[in-house]
Amino acid sequence: MYWVAGPSEVLAITGWGIADISLAKKKWVWPGQKVIRVGISPVNYTFQVQAMSAEKLPFILPAVFTIGPRVNSDEAMLKFAKLISPHDKLSNHVKELVQGVIEGETRVLAASMTMEEIFKGTKQFKQEVFDKVQLELDQFGLLIYNANVKQLVDVPGHEYFSYLGQKTQMEAANQARIDVSEAKMKGEIGSKQRESQTTQNAAKIDAETTIIATKRQGEGKKEEVRVKAEVQIFENQRAAEVAEANAELAKKKAGWAQLSQLAEVESAKAVALREAELQRVVEQKNVLTRTEKLKAEHLSKASVEYEIKVQEANWELYKKQKEAEAVFFKQQKEAEAKKATADAAFYTQQQVADGALYAKQKEADGIAAIADAQGLYLKCLLKEVNGNYAALRDYMMINDGVFQEIAKINAEAVKGLQPKISVWSGANGGGESGAVGGMNGVAGVYSMLPPLFQTVHEQTGMLPPAWLGTLPSSSQSLSN
């Protein structure tokens, strides 16, 4: 019998002459063979997946998956025909199978993410669920054609998203109230804003000036502390290097002293050894001389003396040469030791000079940085007072306490003074005129003399001349 499958179907044939399953769109079916029609159109599955986030917050994830067989793969079609086609794709068996895979992967993925990550990264969450579910559905020959993850829903009794919505609404309402209050406040203070603008700007400038000054002082102190720390570290390093150099020098001096002493000992031993050898040779010669003398008593005495003198001269010459060599070797070693000592002292002085130079450079850099900071500070102050040098001077004097020092100095100057005040009065008629009025002026001048003389006497100890008058014991009048 000849079978033909529909556009959304495929024939699955088993039986005689077929090892496993044969899939085809149309084919002759012989006796001993069995054929069924397998639908390959995708099916929509709607689920309400209940999961829990990393914070132990439960939620419901509504999702719709469009799932069908993977028609472009023969292996996947064979799996689908074996495992899924015997059942109706809309049956509970297939739905529970797909739902179990989706719920398992969704719960595992949701447990590793926080609620905020799930809510804000819905697209990423959907893609990760899609990939993990597809990996599990591959073993059934199924393919996810489309996946739609809907908005997260609260689990009854855990109204997390409802509370978030209420929070957003309350924040919006509170923000609206704040905006209304701000608009009302701006309307009420708008008329007075111009009047208080000058005072506010002055206060703002003072505050900014204080903040900048405090910040600059803090930065200057911080830089000073950092420079001091670097200088101290460098000095410690130099001190350690100097100590190490001194130790190395002492070690070398000890080695040189040891070599010098060894050389002196070897020289002394060599001289003694040579002296012994020469003594032996002399003794041998003496023996030979006596023998020859015994053999030939009549040998010329001059010849014997000549031989003795020659041997003694050779001995003295050899002795002098060895002594000179020993002195030269000793002087050479002493010169080498002095040279090494001088080199070490020069290296030490050079390192100390380098350390002092580096410290001075760092100190100069710190002073320059402080000067730059003070210059920038003065420029900022001058800019804030609109170039008014008098205002800048007054501010700096107030800030440095100059006015307080001046007041203190003035107070110290007048401290301990005991001023004496004398009050003199004279009766002058105000209604007289003519000659009498002119005499009143002369009398007024004359009445000024007693307090003047009294003050001069108290201040300097001087008295007026006798022809002018004398001061009484009481400061009431002058007698003429």
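Buried means under 20% relative accessible area, exposed over 50%, and partly exposed anything in between, with a 1.4 Å probe and protein chains only. Keep that handy for the tour.

What you have open is a predicted model, where local features need pLDDT of at least 70, side-chain atom pairs count only at pLDDT 80 or more, and totals for chains, interfaces and linings use all residues. Residues are numbered from 1 along each chain as its sequence is written, and side-chain values use heavy atoms, leaving out hydrogens and water.

Start by selecting E336 and K333. Their side chains meet in a salt bridge at 3.9 Å, N to O (a side-chain nitrogen of Lys or Arg within 4 Å of a carboxyl oxygen of Asp or Glu). E336 is partly exposed at 42%, and K333 is partly exposed too, at 26%. Both sit in helix 6, three residues apart, about one turn of the helix. (Helices are DSSP runs of H or I, at least four residues, numbered from the N terminus.)

Next, pick E230. Which residues does it bridge to? R226 is one partner, at 2.4 Å, four residues away in helix 5. K362 is another, with the closest N and O atoms 3.9 Å apart; that pair links helix 6 to helix 5 across 132 residues.

Now show F234 and Y358. Their ring centres are 4.2 Å apart and their planes at 35°, so the pair is tilted (centres within 6.5 Å; under 30 degrees is stacked, over 60 edge-to-face, the rest tilted). F234 is buried at 15%, while Y358 is partly exposed at 29%.

Methods. Rings of Phe, Tyr and Trp (its six-membered ring) pair if their centres lie within 6.5 Å; planes under 30 degrees apart count as stacked, over 60 as edge-to-face and the rest as tilted. Helices (H or I, at least four residues) and strands (E, at least two) are DSSP runs, numbered from the N terminus.
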